[in-house]
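Visitor: I am new to this structure and would like to learn how to read it. Could you show me around?

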Amino acid sequence: MSHTASELLPLTGTVAPPDSAALAGALRQASADGTPLYPIGGGTSLDYGLPARAPGLGLSLARLDRIVDYPARDMTITVEAGIKMSVLAAALAEQRQRLPVDVPQAERATLGGVIATNASGPLRYGHGTIRDYVIGISVVDGRGMEFKGGGRVVKNVAGYDFCKLLVGSLGTIGVITQATLKVKPLPESSALVACRLRDHEQAEQLLAGLVASRTSPTAIELLAGPAWEDEPALEPIEPAQTGSGFGQLVIALEGTAVEVQSMTATLADEWRAFGVAAHVLPPERAESLWKRLREFPAAREGGQPHFAPKAPQNEPVPNAGLVAKINVPASRTIEMIRLAGEIQPDCSVQAHAGNGVIVVRMPSFPSGGISRLWIGRLQPAAQQVGGSAVILSCSQVSELTRQAVWGRPAQAAMLMEAVHRQFDPKNLLNPGRFVYS
(Lines give C-alpha, C1' and ligand atoms only; values in the text may rest on other atoms or scores of the structure.)
Protein backbone atom coordinates (compact mmCIF):
# COMPACT_ATOMS: atom_id res chain seq x y z
CA MET A 1 0.00 0.00 0.00
CA SER A 2 1.40 3.39 -0.98
CA HIS A 3 0.97 6.55 1.04
CA THR A 4 0.06 10.06 0.00
CA ALA A 5 2.11 13.21 0.50
CA SER A 6 -0.28 14.34 3.26
CA GLU A 7 0.51 11.14 5.19
CA LEU A 8 4.26 11.61 4.85
CA LEU A 9 4.55 15.38 5.31
CA PRO A 10 3.02 17.82 7.87
CA LEU A 11 1.02 19.64 5.20
CA THR A 12 -1.48 22.36 5.98
CA GLY A 13 -2.60 22.32 2.34
CA THR A 14 -1.33 21.81 -1.20
CA VAL A 15 -1.20 24.12 -4.21
CA ALA A 16 -0.54 23.10 -7.82
CA PRO A 17 0.52 26.15 -9.87
CA PRO A 18 -0.29 25.92 -13.61
CA ASP A 19 2.99 27.50 -14.72
CA SER A 20 6.35 28.74 -13.48
CA ALA A 21 5.12 32.31 -13.01
CA ALA A 22 2.36 31.16 -10.68
CA LEU A 23 4.83 28.91 -8.89
CA ALA A 24 7.17 31.85 -8.36
CA GLY A 25 4.27 33.83 -6.99
CA ALA A 26 3.47 31.07 -4.52
CA LEU A 27 7.06 31.10 -3.31
CA ARG A 28 7.10 34.88 -2.93
CA GLN A 29 3.94 34.71 -0.87
CA ALA A 30 5.36 31.91 1.27
CA SER A 31 8.55 33.92 1.79
CA ALA A 32 6.54 36.95 2.88
CA ASP A 33 4.47 34.82 5.27
CA GLY A 34 7.38 32.69 6.50
CA THR A 35 5.55 29.53 5.43
CA PRO A 36 7.63 26.36 4.89
CA LEU A 37 7.15 24.75 1.46
CA TYR A 38 7.50 21.12 0.48
CA PRO A 39 8.00 20.55 -3.28
CA ILE A 40 6.13 17.44 -4.44
CA GLY A 41 6.72 15.60 -7.70
CA GLY A 42 5.49 12.05 -8.11
CA GLY A 43 5.70 11.40 -4.36
CA THR A 44 8.01 8.40 -4.76
CA SER A 45 10.88 9.72 -2.61
CA LEU A 46 9.13 11.76 0.07
CA ASP A 47 10.57 9.45 2.73
CA TYR A 48 14.12 10.24 1.63
CA GLY A 49 15.85 12.58 4.05
CA LEU A 50 15.12 13.59 7.62
CA PRO A 51 11.45 13.52 8.67
CA ALA A 52 9.70 16.83 8.07
CA ARG A 53 8.71 18.48 11.36
CA ALA A 54 7.57 22.03 10.49
CA PRO A 55 3.99 22.33 9.22
CA GLY A 56 3.92 23.84 5.76
CA LEU A 57 2.39 24.01 2.32
CA GLY A 58 2.75 21.29 -0.31
CA LEU A 59 3.89 22.62 -3.69
CA SER A 60 2.81 20.17 -6.37
CA LEU A 61 4.55 20.23 -9.76
CA ALA A 62 1.86 18.02 -11.30
CA ARG A 63 0.62 20.71 -13.72
CA LEU A 64 4.08 21.57 -14.99
CA ASP A 65 4.40 18.49 -17.19
CA ARG A 66 4.78 19.76 -20.77
CA ILE A 67 7.39 19.00 -23.37
CA VAL A 68 8.57 22.52 -24.19
CA ASP A 69 10.90 21.79 -27.09
CA TYR A 70 12.27 18.63 -28.66
CA PRO A 71 14.70 19.18 -31.52
CA ALA A 72 15.42 15.47 -31.94
CA ARG A 73 18.22 16.06 -34.44
CA ASP A 74 20.11 18.02 -31.78
CA MET A 75 19.71 15.14 -29.33
CA THR A 76 18.29 17.49 -26.69
CA ILE A 77 14.89 17.98 -25.12
CA THR A 78 13.45 20.69 -22.89
CA VAL A 79 10.67 19.65 -20.52
CA GLU A 80 8.91 20.90 -17.43
CA ALA A 81 9.94 19.35 -14.14
CA GLY A 82 6.63 17.62 -13.39
CA ILE A 83 6.75 15.34 -16.41
CA LYS A 84 6.64 11.65 -15.50
CA MET A 85 9.75 9.68 -16.38
CA SER A 86 7.65 7.12 -18.26
CA VAL A 87 6.03 9.87 -20.37
CA LEU A 88 9.43 11.34 -21.13
CA ALA A 89 10.75 7.91 -22.09
CA ALA A 90 7.80 7.27 -24.42
CA ALA A 91 8.27 10.61 -26.20
CA LEU A 92 11.97 9.95 -26.70
CA ALA A 93 11.35 6.39 -27.87
CA GLU A 94 9.26 7.69 -30.77
CA GLN A 95 12.50 9.13 -32.13
CA ARG A 96 14.56 6.07 -31.16
CA GLN A 97 16.19 8.05 -28.34
CA ARG A 98 16.31 7.79 -24.55
CA LEU A 99 17.46 9.36 -21.31
CA PRO A 100 19.51 6.42 -19.96
CA VAL A 101 18.79 7.08 -16.28
CA ASP A 102 16.67 4.22 -14.93
CA VAL A 103 14.79 4.90 -11.70
CA PRO A 104 12.12 3.01 -9.72
CA GLN A 105 8.44 3.73 -10.23
CA ALA A 106 8.94 5.55 -13.53
CA GLU A 107 5.16 5.73 -13.99
CA ARG A 108 5.02 8.09 -10.98
CA ALA A 109 8.51 9.55 -10.62
CA THR A 110 9.00 12.99 -12.16
CA LEU A 111 12.07 14.45 -13.79
CA GLY A 112 12.27 17.20 -11.16
CA GLY A 113 12.21 14.62 -8.40
CA VAL A 114 14.91 12.55 -10.08
CA ILE A 115 17.15 15.63 -10.34
CA ALA A 116 16.43 16.72 -6.77
CA THR A 117 17.25 13.28 -5.34
CA ASN A 118 19.95 12.34 -7.89
CA ALA A 119 18.26 8.97 -8.29
CA SER A 120 19.89 6.43 -10.59
CA GLY A 121 19.86 2.73 -11.33
CA PRO A 122 21.91 -0.06 -12.91
CA LEU A 123 22.72 1.91 -16.09
CA ARG A 124 24.87 4.37 -14.18
CA TYR A 125 27.94 2.23 -14.85
CA GLY A 126 27.73 2.66 -18.61
CA HIS A 127 25.81 5.90 -18.90
CA GLY A 128 26.35 7.94 -15.73
CA THR A 129 23.67 9.69 -13.68
CA ILE A 130 21.18 12.50 -14.27
CA ARG A 131 23.99 14.92 -13.41
CA ASP A 132 25.61 14.01 -16.74
CA TYR A 133 22.50 14.87 -18.79
CA VAL A 134 21.19 18.17 -17.40
CA ILE A 135 22.60 20.92 -19.61
CA GLY A 136 20.11 23.63 -18.76
CA ILE A 137 17.82 24.29 -15.83
CA SER A 138 15.20 26.79 -14.64
CA VAL A 139 14.63 27.23 -10.92
CA VAL A 140 12.69 29.39 -8.48
CA ASP A 141 14.53 29.98 -5.22
CA GLY A 142 13.24 30.42 -1.69
CA ARG A 143 12.64 34.14 -2.26
CA GLY A 144 10.47 33.50 -5.31
CA MET A 145 13.16 34.63 -7.77
CA GLU A 146 13.51 32.75 -11.06
CA PHE A 147 16.98 31.61 -12.17
CA LYS A 148 18.33 29.85 -15.22
CA GLY A 149 21.57 27.99 -15.74
CA GLY A 150 23.22 26.29 -18.70
CA GLY A 151 21.63 26.32 -22.13
CA ARG A 152 20.04 24.31 -24.93
CA VAL A 153 23.14 23.04 -26.68
CA VAL A 154 25.57 20.51 -25.31
CA LYS A 155 28.62 22.70 -25.80
CA ASN A 156 27.06 25.61 -23.89
CA VAL A 157 28.83 25.50 -20.54
CA ALA A 158 27.70 28.87 -19.18
CA GLY A 159 26.27 28.28 -15.73
CA TYR A 160 26.88 24.55 -16.03
CA ASP A 161 27.92 24.22 -12.41
CA PHE A 162 24.57 25.71 -11.40
CA CYS A 163 22.88 22.70 -13.01
CA LYS A 164 25.05 20.37 -10.97
CA LEU A 165 24.36 22.35 -7.81
CA LEU A 166 20.67 21.48 -8.05
CA VAL A 167 21.27 17.75 -8.58
CA GLY A 168 20.78 15.97 -5.25
CA SER A 169 19.87 19.18 -3.36
CA LEU A 170 16.54 17.67 -2.27
CA GLY A 171 14.69 20.83 -3.23
CA THR A 172 16.40 22.94 -0.58
CA ILE A 173 18.16 25.37 -2.92
CA GLY A 174 15.28 25.97 -5.28
CA VAL A 175 12.24 24.43 -6.94
CA ILE A 176 13.14 23.08 -10.38
CA THR A 177 10.58 24.13 -12.98
CA GLN A 178 12.19 23.13 -16.27
CA ALA A 179 15.25 21.28 -17.54
CA THR A 180 17.03 20.78 -20.84
CA LEU A 181 18.60 17.36 -21.24
CA LYS A 182 20.93 15.78 -23.71
CA VAL A 183 19.76 12.34 -24.79
CA LYS A 184 21.19 9.25 -26.47
CA PRO A 185 20.07 6.87 -29.22
CA LEU A 186 18.27 3.71 -28.18
CA PRO A 187 20.55 0.70 -28.54
CA GLU A 188 19.79 -1.65 -31.41
CA SER A 189 20.24 -4.69 -29.22
CA SER A 190 20.84 -5.65 -25.58
CA ALA A 191 21.41 -8.74 -23.45
CA LEU A 192 21.75 -9.80 -19.83
CA VAL A 193 24.41 -12.36 -18.97
CA ALA A 194 24.32 -13.92 -15.51
CA CYS A 195 26.19 -16.40 -13.38
CA ARG A 196 25.99 -17.91 -9.91
CA LEU A 197 28.73 -16.82 -7.49
CA ARG A 198 30.16 -19.55 -5.29
CA ASP A 199 31.64 -17.28 -2.61
CA HIS A 200 33.11 -13.85 -1.92
CA GLU A 201 36.48 -14.78 -3.36
CA GLN A 202 34.99 -15.80 -6.68
CA ALA A 203 32.98 -12.59 -6.77
CA GLU A 204 36.18 -10.58 -6.25
CA GLN A 205 37.89 -12.49 -9.08
CA LEU A 206 35.11 -11.91 -11.58
CA LEU A 207 34.76 -8.23 -10.75
CA ALA A 208 38.51 -7.74 -11.05
CA GLY A 209 38.40 -9.59 -14.37
CA LEU A 210 35.79 -7.16 -15.71
CA VAL A 211 38.25 -4.30 -15.28
CA ALA A 212 40.41 -5.82 -18.03
CA SER A 213 37.51 -7.32 -19.99
CA ARG A 214 37.32 -6.90 -23.77
CA THR A 215 33.61 -6.22 -23.34
CA SER A 216 31.99 -2.88 -22.43
CA PRO A 217 29.16 -3.55 -19.96
CA THR A 218 26.53 -0.90 -19.33
CA ALA A 219 25.61 -2.44 -15.97
CA ILE A 220 27.43 -4.67 -13.48
CA GLU A 221 24.96 -5.86 -10.85
CA LEU A 222 25.84 -8.09 -7.92
CA LEU A 223 22.82 -9.56 -6.14
CA ALA A 224 22.78 -11.31 -2.78
CA GLY A 225 20.31 -12.18 -0.07
CA PRO A 226 16.81 -13.64 0.32
CA ALA A 227 15.15 -11.20 -2.09
CA TRP A 228 17.01 -12.81 -4.99
CA GLU A 229 16.95 -16.48 -4.00
CA ASP A 230 13.63 -17.24 -5.65
CA GLU A 231 13.94 -14.85 -8.57
CA PRO A 232 12.23 -16.69 -11.48
CA ALA A 233 14.33 -14.97 -14.13
CA LEU A 234 17.49 -16.45 -12.58
CA GLU A 235 16.22 -20.02 -12.22
CA PRO A 236 18.20 -21.34 -15.22
CA ILE A 237 21.48 -20.62 -13.46
CA GLU A 238 20.58 -22.29 -10.16
CA PRO A 239 22.91 -25.24 -9.52
CA ALA A 240 20.59 -27.96 -8.24
CA GLN A 241 23.31 -29.85 -6.38
CA THR A 242 24.63 -26.98 -4.27
CA GLY A 243 23.34 -24.39 -1.86
CA SER A 244 22.48 -20.83 -2.67
CA GLY A 245 26.11 -19.68 -2.75
CA PHE A 246 27.04 -16.03 -2.33
CA GLY A 247 24.74 -14.53 -4.94
CA GLN A 248 24.50 -13.74 -8.63
CA LEU A 249 26.38 -11.48 -11.00
CA VAL A 250 24.40 -9.92 -13.85
CA ILE A 251 26.02 -8.05 -16.72
CA ALA A 252 24.13 -5.85 -19.20
CA LEU A 253 25.50 -5.44 -22.71
CA GLU A 254 24.23 -3.00 -25.34
CA GLY A 255 25.09 -2.04 -28.91
CA THR A 256 24.40 -3.29 -32.39
CA ALA A 257 23.24 -6.88 -32.71
CA VAL A 258 26.70 -7.89 -33.90
CA GLU A 259 28.41 -6.09 -31.02
CA VAL A 260 26.14 -7.67 -28.40
CA GLN A 261 26.59 -11.11 -29.88
CA SER A 262 30.35 -10.66 -29.92
CA MET A 263 30.49 -9.35 -26.35
CA THR A 264 28.33 -12.16 -24.95
CA ALA A 265 30.67 -14.73 -26.54
CA THR A 266 33.73 -12.88 -25.26
CA LEU A 267 32.34 -12.62 -21.75
CA ALA A 268 31.52 -16.32 -21.73
CA ASP A 269 35.12 -17.10 -22.71
CA GLU A 270 36.52 -14.80 -20.03
CA TRP A 271 34.31 -16.32 -17.31
CA ARG A 272 35.15 -19.83 -18.47
CA ALA A 273 38.76 -19.12 -17.56
CA PHE A 274 37.54 -18.68 -13.98
CA GLY A 275 35.55 -21.90 -14.14
CA VAL A 276 32.23 -20.03 -14.31
CA ALA A 277 29.40 -20.73 -16.77
CA ALA A 278 27.77 -17.67 -18.37
CA HIS A 279 24.03 -17.75 -19.02
CA VAL A 280 22.48 -15.42 -21.57
CA LEU A 281 18.95 -14.82 -20.33
CA PRO A 282 16.12 -15.21 -22.87
CA PRO A 283 14.47 -11.85 -23.73
CA GLU A 284 11.38 -12.36 -21.57
CA ARG A 285 13.46 -13.34 -18.52
CA ALA A 286 15.87 -10.48 -19.16
CA GLU A 287 13.00 -8.01 -19.26
CA SER A 288 11.55 -9.39 -16.04
CA LEU A 289 14.89 -9.29 -14.24
CA TRP A 290 15.68 -5.78 -15.44
CA LYS A 291 12.42 -4.56 -13.95
CA ARG A 292 13.36 -6.16 -10.60
CA LEU A 293 16.80 -4.52 -10.78
CA ARG A 294 15.26 -1.13 -11.44
CA GLU A 295 12.60 -1.40 -8.73
CA PHE A 296 14.65 -2.99 -5.94
CA PRO A 297 15.32 0.22 -3.92
CA ALA A 298 11.58 1.01 -3.81
CA ALA A 299 10.23 -2.47 -3.09
CA ARG A 300 9.50 -4.27 0.12
CA GLU A 301 9.62 -8.02 0.40
CA GLY A 302 6.98 -9.30 -1.98
CA GLY A 303 7.57 -6.47 -4.40
CA GLN A 304 5.29 -3.86 -2.85
CA PRO A 305 6.42 -0.21 -2.92
CA HIS A 306 8.40 0.87 0.13
CA PHE A 307 6.96 3.92 1.76
CA ALA A 308 7.42 5.08 5.30
CA PRO A 309 4.08 6.01 6.83
CA LYS A 310 4.12 8.86 9.30
CA ALA A 311 4.44 7.71 12.92
CA PRO A 312 3.19 10.67 14.99
CA GLN A 313 3.59 8.84 18.27
CA ASN A 314 7.07 7.60 17.34
CA GLU A 315 5.83 4.07 17.62
CA PRO A 316 7.48 1.33 15.57
CA VAL A 317 5.60 0.34 12.45
CA PRO A 318 4.88 -3.41 12.17
CA ASN A 319 7.33 -5.16 9.85
CA ALA A 320 9.37 -1.97 9.73
CA GLY A 321 12.33 -2.10 7.43
CA LEU A 322 15.14 0.00 6.15
CA VAL A 323 16.60 0.74 2.73
CA ALA A 324 20.03 2.34 2.61
CA LYS A 325 22.70 3.22 0.11
CA ILE A 326 26.43 2.82 0.57
CA ASN A 327 28.95 4.54 -1.71
CA VAL A 328 32.52 3.22 -1.59
CA PRO A 329 35.35 2.72 -4.07
CA ALA A 330 34.39 -0.11 -6.40
CA SER A 331 37.26 -2.24 -5.08
CA ARG A 332 35.62 -2.26 -1.59
CA THR A 333 32.19 -3.43 -2.78
CA ILE A 334 32.50 -7.05 -1.65
CA GLU A 335 33.96 -5.99 1.69
CA MET A 336 30.92 -3.81 2.41
CA ILE A 337 28.47 -6.48 1.29
CA ARG A 338 30.11 -8.94 3.66
CA LEU A 339 29.87 -6.46 6.52
CA ALA A 340 26.19 -5.78 5.83
CA GLY A 341 25.56 -9.53 5.88
CA GLU A 342 27.40 -9.95 9.18
CA ILE A 343 25.38 -7.16 10.77
CA GLN A 344 22.00 -8.27 9.46
CA PRO A 345 22.00 -11.81 7.99
CA ASP A 346 18.54 -11.47 6.45
CA CYS A 347 19.36 -8.36 4.46
CA SER A 348 19.26 -8.33 0.66
CA VAL A 349 21.69 -6.45 -1.50
CA GLN A 350 21.84 -5.00 -4.99
CA ALA A 351 25.25 -3.57 -5.79
CA HIS A 352 26.05 -1.48 -8.83
CA ALA A 353 29.40 -3.17 -8.42
CA GLY A 354 31.22 -1.28 -11.15
CA ASN A 355 30.53 1.97 -9.28
CA GLY A 356 30.78 0.80 -5.67
CA VAL A 357 27.16 1.73 -4.99
CA ILE A 358 25.36 -0.77 -2.76
CA VAL A 359 21.64 -0.71 -1.97
CA VAL A 360 20.94 -2.65 1.23
CA ARG A 361 17.39 -3.70 2.11
CA MET A 362 16.78 -4.85 5.67
CA PRO A 363 13.27 -6.32 6.13
CA SER A 364 13.37 -5.83 9.90
CA PHE A 365 15.58 -4.74 12.75
CA PRO A 366 15.23 -4.38 16.53
CA SER A 367 14.52 -1.14 18.37
CA GLY A 368 17.65 0.97 18.49
CA GLY A 369 18.99 -0.91 15.50
CA ILE A 370 19.96 2.08 13.43
CA SER A 371 22.16 3.50 16.19
CA ARG A 372 23.79 0.17 16.92
CA LEU A 373 24.14 -1.23 13.43
CA TRP A 374 24.27 1.73 11.17
CA ILE A 375 26.02 4.51 13.06
CA GLY A 376 28.10 2.06 15.05
CA ARG A 377 29.49 -0.08 12.23
CA LEU A 378 28.39 0.50 8.63
CA GLN A 379 28.82 4.26 8.45
CA PRO A 380 32.30 4.25 10.04
CA ALA A 381 33.38 1.36 7.78
CA ALA A 382 32.24 3.22 4.66
CA GLN A 383 33.83 6.48 5.77
CA GLN A 384 37.11 4.73 6.59
CA VAL A 385 37.56 3.84 2.91
CA GLY A 386 36.50 7.28 1.70
CA GLY A 387 32.83 6.48 1.19
CA SER A 388 29.49 7.25 2.75
CA ALA A 389 26.30 5.54 3.87
CA VAL A 390 22.86 7.17 3.85
CA ILE A 391 19.34 5.95 4.57
CA LEU A 392 16.91 6.05 1.65
CA SER A 393 13.80 5.09 3.60
CA CYS A 394 12.91 3.81 7.04
CA SER A 395 9.64 3.25 8.84
CA GLN A 396 10.96 3.89 12.36
CA VAL A 397 10.87 7.67 12.18
CA SER A 398 12.00 8.09 15.79
CA GLU A 399 15.43 6.72 14.90
CA LEU A 400 16.09 9.02 11.98
CA THR A 401 18.62 11.44 13.39
CA ARG A 402 20.79 13.60 11.16
CA GLN A 403 23.79 11.35 11.61
CA ALA A 404 21.74 8.21 11.00
CA VAL A 405 20.33 9.50 7.72
CA TRP A 406 23.28 11.50 6.33
CA GLY A 407 26.29 10.39 8.34
CA ARG A 408 28.90 12.73 9.76
CA PRO A 409 29.03 16.22 8.18
CA ALA A 410 31.29 16.34 5.15
CA GLN A 411 34.20 18.76 4.99
CA ALA A 412 32.22 20.79 2.50
CA ALA A 413 29.29 21.24 4.92
CA MET A 414 30.09 24.87 5.70
CA LEU A 415 30.27 25.68 1.98
CA MET A 416 26.98 23.89 1.39
CA GLU A 417 25.33 25.85 4.19
CA ALA A 418 26.60 29.13 2.74
CA VAL A 419 25.20 28.29 -0.69
CA HIS A 420 21.87 27.31 0.84
CA ARG A 421 21.59 30.60 2.70
CA GLN A 422 22.06 32.53 -0.53
CA PHE A 423 19.12 30.84 -2.25
CA ASP A 424 16.84 30.16 0.70
CA PRO A 425 17.74 32.70 3.42
CA LYS A 426 14.63 31.98 5.50
CA ASN A 427 15.11 28.19 5.29
CA LEU A 428 11.62 27.58 3.95
CA LEU A 429 12.32 24.96 1.26
CA ASN A 430 11.99 21.42 2.58
CA PRO A 431 13.21 22.66 5.99
CA GLY A 432 15.03 20.34 8.33
CA ARG A 433 15.29 17.47 5.87
CA PHE A 434 18.68 17.79 4.20
CA VAL A 435 22.14 17.40 5.64
CA TYR A 436 22.67 21.10 6.34
CA SER A 437 19.18 22.36 7.03
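Predicted model: local features only at pLDDT ≥ 70, side-chain atom pairs only at ≥ 80, totals over all residues.

Visitor: What is the strand order in the open sheet of 8 strands?

Guide: Strands of a sheet pair through backbone hydrogen bonds, either parallel or antiparallel. Here the order is β14-β11-β13-β12-β16-β17-β15-β18, with antiparallel pairing. Strands (E, at least two residues) and helices (H or I, at least four) are DSSP runs, numbered from the N terminus; two strands pair if DSSP finds at least two bridges between them.

Visitor: Which strands stand at the edges?

Guide: They are β14 (279–280) and β18 (388–394); each has a single partner strand, so one side of each is left without a neighbour in the sheet. Elsewhere, β12 (residues 219–224) and β13 (residues 247–255) are joined by 5 bridges, and Ala219 stands opposite Ala252 in β13.

Visitor: How do α11 and α12 pack?

Guide: Two packed helices are described by the angle between their axes and the distance between the axes. For α11 and helix α12 (residues 369–384), the angle is about 170° and the axes are 11 Å apart. The two are therefore roughly antiparallel (over 145 degrees). Axes are lines fitted to C-alpha atoms, for helices over the stretch in contact, and angles run from 0 to 180 degrees between N-to-C directions. Among the residues that meet are Met336 and Leu339 in α11, and Leu373 and Leu378 in α12.

Visitor: How many residues has the largest nonpolar core?

Guide: In soluble globular proteins, nonpolar side chains tend to be buried together. The largest core here has 106 residues, and Leu249 is one of those with the most contacts inside it. A second, separate core of 11 residues includes Leu23 and Leu61. Such a core is a set of buried Ala, Val, Leu, Ile, Met, Phe, Trp, Tyr and Cys residues joined through side-chain atoms within 4.5 Å.

Visitor: Is Ser169 buried or exposed?

Guide: Ser169 is buried, with a relative accessible area of 3%; buried means under 20% (1.4 Å probe, protein chains only). Ser169 sits in the loop between α6 (160–166) and β9 (174–182). Leaving aside neighbours within four places in sequence, Ser169 is in contact (heavy atoms within 4.5 Å) with Ala116, Phe434 and Tyr436.

Notes
Residues numbered from 1 in each chain as written. Heavy atoms only, no water. Buried < 20%, exposed > 50% of the residue type's maximum accessible area, 1.4 Å probe, protein only. Parallel < 35°, antiparallel > 145°, perpendicular 65-115°, else oblique.
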